[in-house]
Amino acid sequence: MSTVHEFQLSGIAYPRDPAHMLDEICEHFVEHAEVLRNADRAVLKSSFGTASIHLQDKRLLIDLNCPSEHSLQMVRTSIAEHLFFFAGETAFDLAWSEPVSAARLPDMHEVMVTAVEDVTPHMRRVKVSCADITPFVGGDMHVRVIVPPKGRQPVWPRYRTDGRIAWPDGEDELLVRAYTIRAVDVERRELWIDFFQHPMPNVTTPGADFARNCRPGDRLALLGPGSGSLPMSSRMLLVGDESALPAIARIIAEVAPGADIEAIIEVEDSLEEQPLPTKGTLKVRWLHRRHYPPGAKDILADQAKAAIVASAHNTFVWVACEKEGARSVRSLLKSRKHDRKSMYVAWYWERDIA
Ligand SMILES: Cc1cc2nc3c(=O)[nH]c(=O)nc-3n(C[C@H](O)[C@H](O)[C@H](O)COP(=O)(O)OP(=O)(O)OC[C@H]3O[C@@H](n4cnc5c(N)ncnc54)[C@H](O)[C@@H]3O)c2cc1C
């Protein structure tokens, strides 16, 4: 029985293959929500609310039930963005019982750069001031960093009538990349984001470049927080490369006293290692890519899998890295029937994308 909240909304989607889309929804959201499924209905429950999706007469009937207007908008957007993504190139229609009420995205925060510093030779920290830091304390760690084109008045994203986000294009196109809030400085009302510097010859890296070139006073926006909360288990295995290091460092910094943590972190060399203060007990192993044999790219995933096999069954397994590595770790966990509520496995970047 789902909790009934005050803020409700319904929608109808017309996919070409509704049964397949329902399968895709369940497969995807199982990483982010509790998913209850029977033949023609899926119920997705998270702290943002409940989405019930019912397959009927070749349509998907959607009912959203959320504790606030804010979360209702966010759940609608998340469902809409995913449904259109799953529809791909095929024709797809989605209509809602109520028009989108807020033109402005409720979880978008305009922020200003206050300081930029190098944590290590390849990790650049950008501190931003934010009028309301409360949503960033505890809970979800990730944001979309939105950078307007230099020298232009920013045109921020708005809602489309189907609930998706309309991103400005042409000269107003925004740079959008996923990052982690590394730390929240409540007293100064500042958020820290650590950007790995991974420039390569002949490849543009706009996210990394932004951090290298920004200056105090520059304005940008953060969308979130969302997708991936701080795990609060008393026994954890944390694995990742530099893109995941900000999240791993934050988890380690915010665990409850006495938590037992094992971490495996891949960086270029010892200069990229960081101090990882914690109230828990931490055993950390740094892997140095510089010493890998030429062409080796599976070492982190292999080490993660060996550590999973050696770990106790109630260990919370948290892994974020390149796409292929994350996929191979996820399939090992699946084959071991690891409790889905005790794992977070995500790919944070993809090798060799243009
Ligand atoms: C939820 C989430 C949280 C994240 N948090 C952080 C964070 O806190 N700090 C952080 O630095 N990154 C983080 N990332 C990863 C970051 O979003 C990607 O690395 C992103 O691709 C960087 O954008 P870019 O514009 O610099 O490079 P892109 O334009 O996306 O890619 C350019 C080229 O760089 C390569 N590339 C991209 N990322 C990496 C990498 N990490 N190592 C080596 N090559 C790479 C690509 O294969 C491509 O060839 C996070 C990702 C997710 C999904």
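**Entry 1: β16 and β17**

I looked up how β16 (residues 235-240) meets β17 (residues 260-267) and found 6 bridges joining the two strands, which run parallel. Strands here are DSSP runs of E with at least two residues, helices are runs of H or I with at least four, and both are numbered from the N terminus. Two strands pair if DSSP finds at least two bridges between them. The model is predicted, so I noted that local features need pLDDT of at least 70 and side-chain atom pairs count only at pLDDT 80 or more, while totals for chains, interfaces and linings use all residues. Residues are numbered from 1 along each chain as its sequence is written.

Gly240 has Ile265 of β17 as its bridge partner.

**Entry 2: the rest of the sheet**

Which strands form the open sheet, and in what order? I read off 5 strands, β18-β17-β16-β19-β20, with parallel pairing. β18 (281-288) and β20 (343-349) stand at the edges with a single partner strand each, so one side of each has no neighbour in the sheet. On average, neighbouring strands of this sheet are turned by 10 degrees against each other, direction ignored.

I also checked β17 against β18: they pair in the parallel sense over 8 bridges. Glu266 has Leu287 in β18 as its bridge partner.

**Entry 3: what covers β17**

I found helix α4 (residues 245-254) lying across β16, β17, β18 and β19 (316-322), at about 160 degrees to β17. Helix α5 (residues 299-310) lies across β16, β17, β18 and β19 too, at about 165 degrees to β17. Angles run from 0 to 180 degrees between N-to-C directions, with axes fitted to C-alpha atoms, for helices over the stretch in contact (C-beta atoms, placed from the backbone, within 7 Å).

Why is β17 largely enclosed by the rest of the structure? Because 6 of its 8 residues are buried (20 or more other C-beta atoms within 10 Å of a residue's own; 12 or fewer is exposed, and in between is partly exposed).

**Entry 4: around the ligand**

Last, I looked at the shell around the ligand, where β12 (175-180), β14 (190-196), α3 (206-213), β15 (219-229) and β20 each supply at least two residues. β12 gives the largest share, 4 residues.

Methods: Two residues are in contact if their C-beta atoms, placed from the backbone, lie within 7 Å.
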